[in-house]
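Grab a viewer and work through these exercises with the model open. Each one gives you a task, then walks through a solution.

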Amino acid sequence: MAENVLNKEMIKPENLVYTKTKVLTDNVMHYCPGCGHSTTHRVIAEVVEELGIQSEVLGVAPVGCSVFMYNYMDFDMQEAAHGRAPAVATGIKRLWPDKYVFSYQGDGDLAAIGTAETIHACNRGENIVMFFINNGIYGMTGGQMAPTTLEGMKSSTTPYGRDWMQMGHPLKITELVASLPGTYYVTRQAVHTPAYVRKLKRAVRKAFEYQPKKKGVSFIEVVSNCNSGWKMTPVQSIKWLDENMLDFYPLGDIKVPED
Amino acid sequence: MAEEYKLMKGNEAIAEAAIRAGTDGYFGYPITPQSEVMEYLTAAKPHETTGMIVLQAESEVASINMLYGGAGAGKKVMTSSSSPGISLMQEGISYIAGAELPCLIVNVQRGGPGLGTIQPGQADYFQATKGGGHGDYRLIVLAPASVQEMADFVSLSFDLAFKYRNPVMILSDGAIGQMMEKVKFKEQVPRMTEFPDWATTGKNPDRERNIITSLDLDPARHERFNLKLQRKYKEVQEKEVLFEEYMCDDAEYVLVAFGTSARICQKSVEMAREEGIKAGLFRPITLWPFPSKELESLTSHVKGMLSVEMNSGQMVEDVRLAVHDNIKVGHYGRMGGIIPAPDEIVEALKKQIIGD
Ligand SMILES: Cc1ncc(C[n+]2csc(CCOP(=O)(O)OP(=O)(O)O)c2C)c(N)n1
Ligand code: SF4
């Protein structure tokens with residue numbers, strides 16, 4: 001009894017330390033528990049709320065596990081064909097130049113089937129934010145090799161580990177787009193610890209704030225986990241990510257605006 | 001821009017008409033025999049006059065997906081290409097049909113298969129009218145037979161596209177694209193300032209968010225959606241059929257042809273008439289919806305039909321379906337970029353349909 005009274009007394013606006021942003025809908029997310037997609041969605045939604053741009057933002061969802069992103073974001077979104085989100089975002093942004101436009105893609109979507117669209121949107125310097133969720137694997141289709149799969153890493157199509165003689169090398173597409181003059185801000189972030197989430201949020205905020213300057217693409221890679229595809233528990237996957245992914249995909253800004 | 005007459009290539013007419021129709025965006029990739037469309041548009045600098053955006057994409061795959069984005073955001077958007085490029089767009093076209101987005105796709109056909117030839121062809125009839133991409137969808141397909149129609153069909157296409165929330169294709173060919181004729185252009189239509197309520201234009205507090213997608217994993221709901229699409233297509237079939245008849249009233253034999261072939265067939269009809277053959281020409285303008293009923297009604301007095309096409313026999317299947325087995329139906333086709341000559345067609349009519 002006394003405990004309940006205490007709880008009720010605690011639930012007061014001045015005691016509130018966290019609340020779900022209104023820019024996220026109440027739909028239950030379909031992601032596997034522990035998956036980095038959901039945290040990244042939340043960060044984007046929070047930034048949209050904090051910047052007060054909910055009515056101005058137009059997002060493009062990919063084909064991949066995040067295909068249903070539009071179910072969770074309470075703003076206008078389009079769902080693109082596999083790999084084509086940067087082209088769809090280009091079409092939107094060119095015709096609505098003053099809106100905030102972003103694309104959101106997995107590594108298969110952005111760095112395999114959609115490589116041409118990725119590079120050319122970056123090279124044209126489209127004034128959009130591009131989110132790139134790098135979990136080293138094809139999550140949606142059941143854990144096949146992605147262009148980003150590490151050497152030796154197992155997937156359902158590299159059951160003995162990725163052998164570069166057969167399958168080529170993991171692709172650092174973020175470094176590649178950073179070399180193009182059309183990108184304005186390029187950074188690699190993560191979401192598997194609270195500290196990394198806070199850093200990601202600062203990067204997302206910057207990326208959206210840069211957009212009205214019309215200086216080109218802001219490109220944010222998020223090194224993430226796919227516990228289901230990696231056949232690990234969420235905790236194991238976070239440990240594995242920390243110990244294996246970050247050496248090859250080091251975190252931090254790759255290109256920072258000079259003006 | 002006021003109403004005016006100009007001497008122009010078919011491809012240029014499409015471009016000029018696009019500006020005047022208040023098009024918001026053109027996205028394309030060069031391919032012969034239609035590159036003049038984008039060349040004309042980039043030279044005309046419509047962003048300085050109407051505000052129209054013209055963008056050369058990195059591929060046809062990119063351009064059709066730019067169309068998806070622009071159309072989903074409520075804008076009047078178009079692309080043009082020729083056969084191989086249109087093949088590359090098919091996934092995107094299917095998504096556009098599945099998301100029920102309005103847009104205009106122009107195919108200035110060349111001969112195929114494969115890289116084929118840069119000369120004119122009509123072998124994309126099946127692709128345009130029977131699907132092309134995956135899934136149960138239809139394009140509204142218009143077949144111009146003159147440079148004037150190249151121009152006129154641009155605004156007609158946008159009207160149909162927005163009326164039905166459906167992609168529209170102008171199925172032309174390299175001959176009409178390259179040919180010069182006098183065209184009358186309509187006066188400038190301003191670009192839209194109000195947008196469809198379903199479009200992603202930014203979620204204002206007074207409405208729910210808008211979502212553009214072709215995905216639905218719930219079987220019952222997705223079947224209902226497919227049935228809704230089919231009802232829409234049926235309505236288009238009932239209301240939007242366009243065709244033209246030439247000397248069909250007393251005809252005993254009718255040539256059925258669209259686009260460039262129809263122009264040639266008009267001459268063939270005149271030649272046949274000089275020989276005392278009561279010939280006529282039936283020209284479907286909408287290839288989908290196909291004017292089946294109108295063609296069938298001719299069988300009351302027509303003894304035979306010859307479908308003349310620059311392919312190995314595609315539209316002839318729809319002609320046969322339309323007239324059932326009531327009368328004799330044949331096909332005469334040329335390929336490889338060859339345009340049939342009027343006298344060849346008369347000979348084929350005599351040999352295949354009239355007989356001895
Ligand atoms: C044209 C086409 N090819 C293949 C597929 C099947 N497919 C769906 S998602 C996917 C890979 C997604 O992986 P990724 O982009 O890494 O995203 P994740 O699911 O890991 O977030 C593939 C191959 C498709 N939908 N369309
Ligand atoms: S399969 Fe992988 S990427 Fe997809 S939701 Fe599950 S953990 Fe996330």
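This is a predicted model: local features need pLDDT of at least 70, side-chain atom pairs count only at pLDDT 80 or more; totals for chains, interfaces and linings use all residues.

**Exercise 1: ligand 1**

Task: which residues come nearest to ligand 1, and why is the site called shared?

Solution: 
- Of the 17 residues around ligand 1, the nearest are His37(A), Cys65(A), Asp107(A), Asp109(A) and Gly139(A).
- Now go for the polar atoms. The side chain of His37(A) has an N or O atom 2.8 Å from an oxygen atom of ligand 1.
- For Cys65(A), it is a backbone N or O atom that sits 2.8 Å from a ligand 1 oxygen.
- Met140(A) also brings in its backbone, with a polar atom 2.9 Å from an oxygen of ligand 1.
- Finally, check the chain letters: residues from chains A and B surround ligand 1, so the site is shared between chains.

**Exercise 2: sizing up the interface**

Solution: 
- Count residues: 35 from chain B and 35 from chain A take part in the contact.
- The buried area is about 2800 Å², with 60% of it from carbon and sulfur atoms.
- Glu58(B), Lys203(B) and Arg209(B) supply 23% of what chain B buries against chain A, more than any other three residues.

**Exercise 3: what crosses it**

Task: what links the two chains in terms of salt bridges, polar contacts and strand pairing?

Solution: 
- The rule gives 2 salt bridges across the interface of chain B and chain A. Arg124(A) and Glu58(B) form a salt bridge through their side chains, at 2.8 Å from N to O.
- Next come 18 residue pairs in polar contact across the interface.
- By element, α4(B) gives the largest share of chain B's side, 8 residues.
- Last, the strands: β2 of chain A (residues 77–79) pairs with β9(B) in the parallel sense over 2 bridges. In this pairing Gln78(A) is opposite Ile212(B).

Methods: Residues are numbered from 1 along each chain as its sequence is written. Chains are lettered from A and ligands numbered from 1 in the order in which they are written. Side-chain values use heavy atoms; hydrogens and water are left out. Contact means heavy atoms within 4.5 Å. Buried area is the accessible area (1.4 Å probe) that two parts lose on being put together, summed over both. A salt bridge is a side-chain nitrogen of Lys or Arg within 4 Å of a carboxyl oxygen of Asp or Glu. A polar contact is a pair of N or O atoms within 3.5 Å; within protein, one must be able to donate a hydrogen and the other to accept it, and residues adjacent in sequence count only if both atoms are side-chain atoms. Helices (H or I, at least four residues) and strands (E, at least two) are DSSP runs, numbered from the N terminus. Two strands pair if DSSP finds at least two bridges between them. A residue is near a molecule or strand if one of its heavy atoms lies within 4 Å of it.
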